[in-house]
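Dear colleague,

I am handing over a structure that will be new to you. Please look at the sequence and the structure below, and then read the notes that follow.

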Amino acid sequence: MTGGAAMGGCMDLGAVAPEMVLAGTALALVPVAGWTRGRWRRLPAALALLALLAAMGLTLPMLTATPRDAFCGTYAVDPFRAFYQLVIEAGAVVSLLSLASHFRASEQEPHHPVALLMATVGGMGLAAATDLGLIVLFLQMVSLPAYLLVLLVRSDGPAQEATLKYFLYGAAALAVMAYGLTFLFGLTGSLNLRVIGAGLAGADRAWVALAFGLVIVGYGFEMTLVPFHVWAPDVFQGGTAPVSGFVSVVPKVAAFAGLLRLLLEAMPGALAAWPTVLALMAAATMTFGNMLALRQASLKRLLAYSSIAQAGYMLMAVAVAGRVPQALPAIGYYVVAYLLMNLAAFTVVARVERMSGSDGLAMVRGLGRRAPWSAAALTLALLSLAGVPPLAGFAGKVFLLLAAIDGDLAWLAVLAAANMAVALSYYVAVIAEMYFREPERPEAVAPGVGYAFALGLCSAATLAFGIAPSVLRGVAQLGATLLR
């Protein structure tokens, strides 16, 4: 067989159909965003929404597809990839709805869909990549558009500062990670994760540990793990609330998917003692996030530290994913619950921020009287983040704790339960501001159909998946099948 024929046999465009739809739409929207004026400024967001829905339709059949390789073993087509891509696409849809309302009739209205779609493509690729080169590429693809989203309002001083910090931390973290990936290639002579997994069996353990330590820097940055979290509070506060919601969900979900694939395919067993390392990082991340959240007067900073703590809870199950069969479904369930409750919270903050120009805790004072539906949605999201039944966050936390206990990490489960009790106090403090304090400002929240749809979808799903967790749990079980 000739080289050209062999390469042709590797091509499988159907494997990347969802990514092609989104990337093609994003490229087509670049000139459209520059030309649109007046009411036509809404066109890019509408086209982006249609593209995301089409991509979800193309991704859905992969949930039950037989796992296979594509593009000469560099890209996986398996239920694991399909599940996390659907979560990423859903997060992009909700974020797009909120962004569309937030920037209605503004200079930024036609531009945000382009960056959002490209970041979504990067996240989707990271969930499917089985090649070290593609992993680096997709990490950059999910990060660079996120920097642009934070700086959508170019005249905003805090946004400029946040973007600079985000870029500098991101560039350093991803450079260190790329260096670590070169060690994996040097030890095995391959870029393919499964070949690396087989080759590392006889490699020097010290070099494997060094490679893992460098690689976790990049994933830890995207997942906001301690000690790689320091950018998150400033970026979340500096960016607009809908952008902060997107950054808190899509890159993080993509990074969890990428890390799981790397660990289970390239580092089977307990190479580099990664279960112990991740368990310790989970303990530090959840504890630090919750302790710092107690002191926040800014809603976006509070949600930033809350997001850090939530990453610690999820990492608890990642640490036992190699030896507990139910760990992957538990993580899958929780990433969906996290998406729903976090985006709902940021959407309400966006409505308050747009009307008042501030995200201070005082801005939600008396919100239960000024905007009862928005207050109810924020209450639901916060109680779910705290793990109060019968909401999705409660069932998700139970699944994570059970996975940790089954993986002989009972001490970590106990620490997580204590952290959840601490977290309840600052979530309840926000709820108390909404319902038990007199409002300082007379106006209600900003109107917007996109806000309403985003809140309705997230709130209804949070309640439905909490009451009937077996539905989402079954889908997450499907998504636990990797190509190995």
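Which residues does Thr462 touch, not counting residues up to four places away in sequence? Before the answer, please note that this is a predicted model. Thr462 touches Leu340, Met341, Ser384, Leu391 and Ala392. Thr462 itself lies in helix α19, which covers residues 449–467. With a relative accessible area of 3%, under the 20% cut-off, Thr462 is buried.

Overall form

The secondary structure of the protein comes to 20 helices and two strands. The radius of gyration is 21 Å, close to the 23 Å that the globule rule gives for 484 residues, so the protein is as compact as a globular protein of that length. Taken along the principal axes, the box filled by the C-alpha atoms is roughly 70 × 55 × 40 Å.

Of the 484 residues in the protein, 61% are buried. Among contacts between residues at least 6 apart in sequence, 81% join residues at least 24 apart. The protein exposes about 17000 Å², and carbon and sulfur atoms supply 71% of this area. As for charge, there are 27 positive and 22 negative charges, and their mean positions are 6 Å apart.

The nonpolar core

The largest nonpolar core holds 188 residues, of which Tyr84, Ile135, Tyr219 and Leu278 touch the most other members. Helix α14, residues 327–356, gives the most to this core, with 21 residues. Leaving aside neighbours within four places in sequence, Ile135 is in contact with Leu126, Ala129, Met177, Leu181, Leu193 and Tyr219. Tyr219, one of these partners, is also among the residues that touch the most other members of the core.

Lys300

Is Lys300 buried or exposed? Lys300 is buried, with a relative accessible area of 2%. Its place is in helix α13, residues 299–318. Leaving out residues up to four places away in sequence, Lys300 touches Phe236, Gln237, Gly239, Thr240, Ala241, Ser244, Phe346, Val349, Glu353 and Asp359. Glu353 and Asp359, both among these partners, are of the residue types that count as negative, while Lys counts as positive. The C-alpha atoms of Lys300 and Pro233 are separated by 7.6 Å, although the two residues are 67 apart along the chain.

Two residues in loops

Where does His229 lie? His229 is in the loop between α9 (205–223) and α10 (232–238). His229 counts as buried, at 8% relative accessibility. Not counting residues up to four places away in sequence, His229 touches Thr224, Phe288 and Ile308.

Ala203 has its place in the loop between α8 (193–199) and α9. At 14% relative accessibility, Ala203 counts as buried, because the cut-off is under 20%. Apart from residues up to four places away in sequence, Ala203 touches Leu187 and Val208. How far apart are the C-alpha atoms of Ala203 and Ala309? They are separated by 35 Å, and the two residues are 106 apart along the chain.

With kind regards

Technical notes:
Residues numbered from 1 in each chain as written. Predicted model: local features only at pLDDT ≥ 70, side-chain atom pairs only at ≥ 80, totals over all residues. Heavy atoms only, no water. Helix = DSSP H or I, 4+ residues; strand = E, 2+ residues; numbered from the N terminus. Rg over C-alpha atoms; globule rule 2.2 N^0.38 Å. Buried < 20%, exposed > 50% of the residue type's maximum accessible area, 1.4 Å probe, protein only. Contact = heavy atoms within 4.5 Å. Areas by Shrake-Rupley, 256 points an atom, 1.4 Å probe, with all protein chains shown as cover. Charge placed at Lys NZ, Arg CZ, Asp CG, Glu CD. Core = buried A, V, L, I, M, F, W, Y, C linked by side-chain atoms within 4.5 Å.
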